[in-house]
Amino acid sequence: MAAASEEAIKQFCALMELLEEPLKNTFQHVHQGYPRGTLVRFLKAREWNVPKAHKMLMDCLNWRIQNGIDSVLAKPIVPSDLYRAIRDTLLVGLTGYSKQGQPVYAFGVGLSTLDKASVHYYVQSHIQMNEYRDRVVLPKASKMFGKQINTCLKVMDMTGLKLSALNQIKMLSTITAIDDLNYPEKTETYFIVNAPYVFSACWKVVKPLLQERTKKKIKVLYGSGRDELLKVMDYETLPHFCKREGSGSSNDSSDGVDCYSYDHPFHQELYNYIKQQSLNQDFIGPMKQGSMHVDVPTPDLEEAKIVETIKSELHNFGGANGLSHSFNRIKIDGP
């Protein structure tokens, strides 16, 4: 397999040497000085099939050019109150680094309402988070730990997950499609915590649809997952909802500000970075309101099938039980 992998990388490298401007420029933003690692990510995402991986990367580069992704970190969401509202309803934050140096991101899946801005603003914010991770957070982690770090860990909190989550599936599938097709293999492991019964039911029907490579990345932990997570990260890095069994969304950070908050140092640094980048542009003028309109990639057949399966399962719960509240948590065996 090693010899076959090296041959695939060699073939992919030869194809990439044929790049012309402006594809070459945007590719530099993607690989951040590590082109080989980037080619490996796209090869893994297409099961080491060189033509498919090459097409995937070409589609990604063209998507970046057509949507101005290289300059997205110079386009702040203004006014700041709107950005605060997005942070209050799309719950995500950086909590620290694992023992191996990967950045640890927390996601409040169950409590994110995604109802205070247009889909364009949420997509813009998500892409900015991705680009900031790749251009700032991962290089910083590599420097801190003295080795190349190009993946992160994600802790997905399902606290508060309701049947009404069905209304958010379209937006969440949009964000997932962007990640799968343009930022592949950036997450080493997804840890699912505080999972209610509705999640376990959906997981049972979705899991068989996933590729083996994807299934290996997803670990469904019991309760808050604290003990398992402490094997890969220190207590200070644990998201606030994992620090006490059953803590849910309670605020338990050392500075009194949970990692989702606009006031958290990570989000302040990110927002100030974007504002500063906007001031560094050739044309200096007042920051304009209005979201970026990014073309959303079409999900592949596997993802579309998964989304439809989740919808069907949630409808079954609603029809059979008439439930509109969170389900009681039960123990869920990991994959």
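Ground rules. Residues count from 1 along each chain as its sequence is written, and side-chain values use heavy atoms, without hydrogens and water. Because the model is predicted, local features need pLDDT of at least 70 and side-chain atom pairs pLDDT 80 or more, while totals for chains, interfaces and linings use all residues.

Aromatics. Rings of Phe, Tyr and Trp (its six-membered ring) pair if their centres lie within 6.5 Å; planes under 30 degrees apart are stacked, over 60 edge-to-face, the rest tilted. The count is 9 aromatic pairs. Take Tyr83 and Tyr271: centres 4.5 Å apart, planes at 15 degrees, so they are stacked. Tyr83 sits in helix α5 (residues 80-89) and Tyr271 in helix α11 (residues 265-279), so the pair ties together parts 188 residues apart in sequence. Helices are DSSP runs of H or I, at least four residues; strands are E, at least two; both are numbered from the N terminus. Tyr83 and Tyr271 are both buried, meaning under 20% relative accessible area; exposed is over 50%, partly exposed in between (1.4 Å probe, protein chains only).

Next, Tyr132 and Tyr273. This pair is edge-to-face, 5.3 Å centre to centre, with 70 degrees between the planes. Tyr132 is in helix α6 (residues 119-145), Tyr273 in α11, 141 residues apart. Tyr132 is buried at 7%; Tyr273 is partly exposed at 27%.

Now the strand. In β4 (residues 187-193), 5 of the 7 residues are buried, so the rest of the structure largely encloses it. Strands pair if DSSP finds at least two bridges between them. β3 (residues 152-157) runs parallel to β4, with 6 bridges.
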